[in-house]
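Here's a quick tour of the complex you have open. Keep the viewer handy and follow along chain by chain.

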Amino acid sequence: MKKIIKSPVGMVGLILTSIVLLFAIFAPILSPHPPHQQNITQRLVPPAWHPDGSSDHLLGTDYMGRDVFSRIIYGSRTSITVGITAVILAGAIGLALGLLSGYKGGIWDSVIMRFVDSFMAIPSILLIMLLIGILRPGVVSIIIILGVTRWITYARVVRAEVLQVREMDYVTAIISLGQKPWKILLKHIFPNISASFMVVATLNVANVIIAESSLSFLGIGVPHHVITWGSMLAIGREYISVAWWIATFPGIAITLTVLGIIFLGDFLRDTFDPRLRG
Amino acid sequence: MQQYIARRILQGILVIFIVTLIIFLLVHLGGDPVRLLLPEEAPEEAKEALRIRLGLDQPLHYRYFLFLQGLMQGDLGDSFRYNEPAVRLVMERLPITATLAILAMVLSTLIAIPLGILAAIKRNSFVDLFASSGAVIGRAMPNFWLGIMLILFFAVYLGVLPVSGFDSPKHLILPVVTLGTGMAATVTRLVRSTLLEVIGLDYIRTARAKGLSNRVVLFKHALRNTMIPVITIIGLQVPSLVTGAVITESVFAIPGVGRLTVAAVSSLDMAVVQAAVLLVSIAVVLVNIGIDIIYTIIDPRVRYD
Amino acid sequence: MKSWLLGTVSFFMVFLLLFGSGLAEGQKLTIGVPVDMVTLDIHDHQSMVGEAVAVNIYDYLFFRDKGGELQPALAKDWELIDDYTWRLNLREGVMFHNGEEFNSQSVKVTLERVAHDTGLTNHTHYSTIERVEIIDDYTVDIITKEPDPILINRISRTGSGMLPPEYFQEVGMEGFIQNPIGTGPYKFVEWQRDGYVKLEVFEDYWRGKPEISEVEFRVIPEASTRISELVTDGIDIALEIPPFEKPRIDAREGKRTIDSPTIRVMLLYVRLMEGYPTEDLKIRMAIDLAINRQLIIDEFLEGAGTPVRSRLLPGAFGFNETLYDVDVYNPARAKHLLREAGYEDGGPTIEIMGPHDRHAVDREVLEAIGAMLEDVGFDVNLEILSWSAYTSRVADRDHSEVRWAALANTLWDGGLAVDYLRYERSDEVIGFNSPEFSELVLAAAQNMDLEEREQQYQKIAEWVAEERLMIHLFQLDTIYGVDDRVTWEPRLDEMIWVYDISLDSED
């Protein structure tokens, strides 16, 4: 804990990420207006610091008179929810396959690694679009799809760690003594890989958030009525010449969120496992 | 050398096979492929014809064979929206996307490599700070937002560049910059950190002790060793470059494969999506093989496998 | 030997470059449109944009002028021989783009194709035609199955272009749409899907050589991009300008906006069959009364629209004054109706499906309606899709209670306004089944007594409005963004007839 206070990068990351998490968890309390509340006669009001702005709407209103700041707060819910759930899913798959590959080795390893190479060659958004077509759009399917397409980094990291640990003398000894494999995994391997796992997971949340907003931007993401920064940006684009704030603030929100997570991830990496650098 | 090239090509072919297998399994095991590839209101004869073509009454491995056969013959079904073969639609637009991606890759490497080197050499200086923070912001900023902001500034506000389309060299500037930024950010960070590591290596210090001038040491040995992992990673970035291209095409209304596929997904025209994923992935693998082989020719010491 | 060959070749190349470009000189008009055509088969679509392009390639037998009055075109005049027979006298000396001559054979082949092929989208509008009899090269008799008072309207609307019989029969529709041929002022050059349609001038056009030599309809789905293209000289005309962008365009030197009324009405189709909450008249009425049309018009259209309770606008046959410029907005009554229908605690859940990119204001109107319905107690699910996704879903009949639509009445007749309710497919799609109503509609459709017919249609329109068989919203105007070099008066039917447009040359 003390370490993070000393690191400026870590601090910035922690602060930004905490803000976003607070927004997501306490949205109903923090949000000055209900995010869906329309006010047709108050459309396209500029941010508060603008001469035509109003203190009632810090970041202005959108094309239906809804408060932009409130929508940004609620938008964090989608990003965080999708981000964390998809990452947990991806982590589970990656962990399983990485363990399998690293521990069992041999043919399992070769097959899984070849599979990984091929998977990586497919541009993620194309694979996502194929899966959207197969599973049909929806919040749950988007989460599943994002999870299922991101397991690779975990698998690799886990596999590398497992391979390393496996080679250690005392582990070889334990294996030859006949202990059950999954006990070995649990007691000896898990603790060692959890650090790098956390680092990968953190950075992956950032990737998923960008992926989700890209999909929403293209109009093929979560359903329309769910507030998400990506779709705010996409729609805001139409009004950019008369209301630049509708598109700009969601973009800033995404950038700062991702930035915060990357900084946090970098800090974690530097602390726990400098080998992962680069 | 030739052995390496042959091995690399074989390896690539294997990867391509597995890619086709993955896509085949997703399409055929994820529900009824006929329902996927044809709309509800399609006439029953069309659905029946498709069932026969896909060999749905046959065992799975036979169906995969038919699938591969279709791919070789350039027949992956028809788009029901456009009433044209999906393969043709994709191949018509592939050059445009490829142009965009290649230009972006060239631009970003031209900027990122020198910048990364500079940042490493002058570590913790202003240049380093500038490069590093620029890189991290470039990595965090969604590229569609960057594109919109660039359009707002250069096309709408200043009026010096066109807003959309792909007709003239001028049209290329903003999209290429938008697409290249993400990759440039990643590569800059990579070059910087790799070079820093390499400089710290023992043998460099030894070489210095032998009396060669600082510069010679740096440029010859360190750079060469940096380039190996960097080029590898650039090759690995190609799929994400394509992902970025899909989004960039939508922002700038560029008639490439990306925009085609997004429109196809929106209207669930899955024959097009399937063809796009297959053909583009194969192209990516080929490009990767190409990069590896070219690099080996340039620097035969490399046998990284 | 080699050098003189090289010299000659280069001489010719220079020659061609200098004179070729001179020959190719002429003006090009570029028009930015929000959605792409659906197909080049004029009988298989109902798309306004598709037709806006098609009117340049083909001519109709009768063509309406800017104000909506029918004028002779490929047909000079018509004569009613009896209740079932219409004699047309055709224009002589008209050529198709491929040199074929326009004559009775063309009318026969074209009309009989769409009248007999039940699979075509436009078939239902021509299904009253039984056959076409050739009297002589320039006289035809159109024979109808039943008395059809609006036959002339039918052959002068969307999809009424005349096709070249020899070429068409030779290549079939498959071949025809690769290279369509008509008698219109412009020849087809190229269509790149979701990209553009290119046309070039037909010098031997029968009305006289058109001024503009090249036309491109470019598909630019995002309004802001369309406008940016206009102000940066990428295109000359931009369709569907959102009202809030007017100041930006008008402020630009050399550009202006044109406000133009249209015959387009935005409305909501509702499902009337069992299983849907909208089966209940009270629910439909509640929807109707919950919508504050005037507010939507004032805030989103900046006043450029009129609330209506019918698709028939002034000038259309069967126009009913009591249903025009009247807003039944009454949220208190709507809430009351919901309670009466058994929904005291809110609900029912209504799903409304619509596009966001056909018109500039689509998304806003849909979201406003959603909020207004929620205000009176409905639970609303809005499905706002891209135009291509939306049209796919409509074709698949894949929608729930309520579906948006914006329809122009190019028949200018009461018949079209209730076509949807008349045909067999309506049963399955919306579940309306009233024999009394169908009888009245059928009677009106075949009534050759125009006065009686008019009254029948007015009655029908009232019926539709009271029963909320469809929920009409408003007639809307449209705004075009135009370069000052362009001289043009837009048409009520939103056809972009380039023949009428002139372009000052660039300086």
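In chain A, 52% of the 278 residues count as buried. Keep in mind that this is a predicted model, and that the predictor gives the complex an ipTM of 0.88 and a pTM of 0.86.

**Chain A overall**

- Along the principal axes, the C-alpha atoms of chain A fill a box of roughly 75 × 50 × 30 Å.
- Take the contacts in chain A between residues at least 6 apart in sequence: 69% of them join residues at least 24 apart.

**Helix 6 of chain A**

- How many of the 12 residues of helix 6 of chain A are buried? The count is 11 of the 12, so this helix is largely enclosed by the rest of the structure.
- The buried residues of helix 6 of chain A include Ser124(A), Ile125(A), Leu126(A), Leu127(A) and Ile128(A). Met129(A), Leu130(A), Leu131(A), Ile132(A), Gly133(A) and Ile134(A) are buried in this helix too.
- The length checks out as well: at 1.5 Å a residue, the 12 residues of helix 6 (residues 124-135) of chain A should span 16 Å, and the end C-alpha atoms are 16 Å apart, which agrees.

**Chain B overall**

- Chain B has 12 helices and also two strands. Reading along the sequence gives α-α-α-α-β-β-α-α-α-α-α-α-α-α.
- Of the 305 residues of chain B, 44% count as buried.
- The C-alpha trace of chain B spans about 80 × 55 × 30 Å along its principal axes.
- For contacts in chain B between residues at least 6 apart in sequence, 72% join residues at least 24 apart.

**Where chain B meets chain A**

- Here 45 residues of chain B are in contact with 39 residues of chain A.
- Several helices of chain B give two or more residues to the side that touches chain A, among them helix 1 (2-29), helix 8 (169-199) and helix 10 (214-252).
- Which helix of chain B gives the most to that side? Helix 12 of chain B does, with nine residues.
- By residue type, the side of chain B that touches chain A divides into 33 nonpolar, 11 polar and one charged.

**Where chain C meets chain B**

- At this interface, 16 residues of chain C are in contact with 17 residues of chain B.
- Helix 7 (223-231) and helix 13 (387-395) of chain C each supply at least two residues of the side that touches chain B. Helix 13 of chain C gives the most, with four residues.
- The residues on the side of chain C that touches chain B divide into three nonpolar, eight polar and five charged.

**Strands in chain C**

- Seven strands of chain C form an open sheet in the order 8-9-10-1-11-19-12, with mixed pairing.
- Strand 8 (186-192) and strand 12 (255-260) of chain C are the edge strands, each pairing on one side only.
- Within chain C, strand 9 (residues 196-201) and strand 10 (residues 214-219) pair in the antiparallel sense over five bridges. Look for Val197(C), which stands opposite Phe217(C) in strand 10 of chain C.
- Strand 4 (residues 75-82) and strand 5 (residues 85-90) of chain C run antiparallel and are joined by six bridges. These two strands of chain C form a hairpin with two residues between them, and Glu79(C) stands opposite Arg87(C) in strand 5 of chain C.

**Confidence in chain C**

- Chain C has a mean pLDDT of 86, and 91% of its residues reach 70 or more.
- Where is confidence lowest in chain C? Helix 1 (residues 2-23) of chain C is the place, at a mean of 52, while strand 11 (residues 237-238) of chain C is highest, at 96.
- Over residues 17-24 of chain C the pLDDT is below 50, and beyond near neighbours in sequence this stretch has zero contacts in the model.

Terms used: Residues are numbered from 1 along each chain as its sequence is written. Chains are lettered from A and ligands numbered from 1 in the order in which they are written. This is a predicted model: local features need pLDDT of at least 70, side-chain atom pairs count only at pLDDT 80 or more; totals for chains, interfaces and linings use all residues. The expected span of a helix is 1.5 Å times one less than its number of residues. A residue is buried if 20 or more other C-beta atoms lie within 10 Å of its own, exposed if 12 or fewer, and partly exposed in between; C-beta atoms are placed from the backbone. Two residues are in contact if their C-beta atoms, placed from the backbone, lie within 7 Å. Two strands pair if DSSP finds at least two bridges between them. pLDDT is the predictor's confidence in each residue, from 0 to 100. Ala, Val, Leu, Ile, Met, Phe, Trp, Tyr, Cys and Pro count as nonpolar, Asp, Glu, Lys and Arg as charged, and the others, Gly among them, as polar.
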